[in-house]
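Student: I would like to learn how to read a model feature by feature. Where do we begin?

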Amino acid sequence: DTMGYGVPYSEVALPRSVPGIIYGLRHYADVPSDMLEWHGHNDFYKAVSNASAAWLYGAGAVNCSLLGTGNIPLEAMVFEYASLRGTLDGMDTTVITEIADYFRKDIGYNIPVMTPYVGENFNVTRAGIHADGLLKDDEIYNIFDTKTILNRAPAVMIGKASGLAGIAYWINQNYG
């Protein structure tokens with residue numbers, strides 16, 4: 001799907017239905033899963049959902065690129081895999097942060113700051129109410145342990161909406 005026209009819904013007419021394409025290839029053309037791989041683009045923000053649908057309907061592989069530099073982001077599919085399978089199967093997800101740091105520092109690649117998992121502002125809040133939740137229990141704001149899985153703790157950015165909790169969290173984070 002090099003134009004990103006596919007959609008992840010089985011109810012959609014061919015040729016746009018990714019599930020329909022993969023299902024048809026698997027069950028009508030007898031193409032084995034290990035011979036099917038999905039190569040999707042993100043022109044319409046459907047890369048991850050289409051790749052997931054392809055997996056669910058029998059594609060054995062998904063083509064990815066690091067940090068989504070052109071295609072489906074590999075780091076997104078790592079966590080999508082874990083969501084679908086309930087396991088990381090031994091993958092070391094902290095390397096995702098190392099890769100992002102390498103792209104930023106050594107290659108000079110500008111990662112958009114809000115990019116999930118790797119952007120500078122991923123897991124950073126400006127809202128005092130979120131900081132208050134972090135102070136009480138990380139899981140109130142942060143549903144998974146980003147310090148463990150990405151080697152990136154949640155952070156607070158000080159601004160007009162920080163409130164006392166935001167300032168307290170920032171001081172604790174930066175001065176122990």
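Tutor: With a definition: helices (H or I, at least four residues) and strands (E, at least two) are DSSP runs, numbered from the N terminus. P15, for example, lies in the segment before α1 (18-27). This is a predicted model, in which local features need pLDDT of at least 70, side-chain atom pairs count only at pLDDT 80 or more, and totals for chains, interfaces and linings use all residues. Residues are numbered from 1 along each chain as its sequence is written, and side-chain values use heavy atoms, with hydrogens and water left out.

Student: How many helices and strands are in the protein chain?

Tutor: Eight helices and four strands. Their order along the sequence is α-β-α-β-α-α-β-α-α-α-β-α. The C-alpha atoms fill a box of roughly 60 × 35 × 30 Å along the principal axes.

Student: Which backbone features deserve a look?

Tutor: Most residues other than glycine have a negative phi, and most peptide bonds are trans. The peptide bond from L14 to P15 is cis, with omega near 15°. L67 is not a glycine, yet has a positive phi of about 60°. This residue sits in the loop between β2 (61-62) and α3. N123, also not a glycine, has phi near 65°. N123 lies in the loop between α4 (94-107) and β3 (124-125).

Student: Is L67 buried or exposed?

Tutor: L67 has 9%, so it is buried. N123 is buried too, at 11%. Of the 176 residues in the protein chain, 36% are buried.

Student: How do I read a pocket?

Tutor: Take a 1 Å grid over the protein atoms alone. A pocket is an open set of points where a 1.4 Å probe fits, with protein on both sides within 12 Å along at least five of seven lines; lining residues have an atom within 4 Å of a point. Points are joined across faces, edges and corners, and the volume is the space filled by probe spheres set on them. Here the largest pocket holds about 290 Å³. It is lined by 15 residues, with L67, P73, E75, T115 and P116 closest to its centre. Helix α3 gives the most to this lining, with three residues.

Student: How many aromatic pairs are there?

Tutor: Rings of Phe, Tyr and Trp (its six-membered ring) pair if their centres lie within 6.5 Å; planes under 30 degrees apart are stacked, over 60 edge-to-face, and the rest tilted. That rule gives eight aromatic pairs. Y23 and Y28 are edge-to-face because their ring centres are 5.9 Å apart and their planes are at 75°. F79, Y117 and F122 are linked by ring pairs into a cluster.

Student: Which residues form salt bridges?

Tutor: A salt bridge puts a side-chain nitrogen of Lys or Arg within 4 Å of a carboxyl oxygen of Asp or Glu. The structure holds two. R104 pairs with D101, their closest N and O atoms 3.1 Å apart. Both lie in α4, three residues apart, about one turn of the helix. K136 pairs with D132 at 2.8 Å between the closest N and O atoms. Both of these lie in helix α5 (residues 128-136), four residues apart, again about one turn. K136 is exposed, at 62%, while D132 is partly exposed, at 28%.

Key: Buried means under 20% relative accessible area, exposed over 50%, partly exposed in between (1.4 Å probe, protein chains only).
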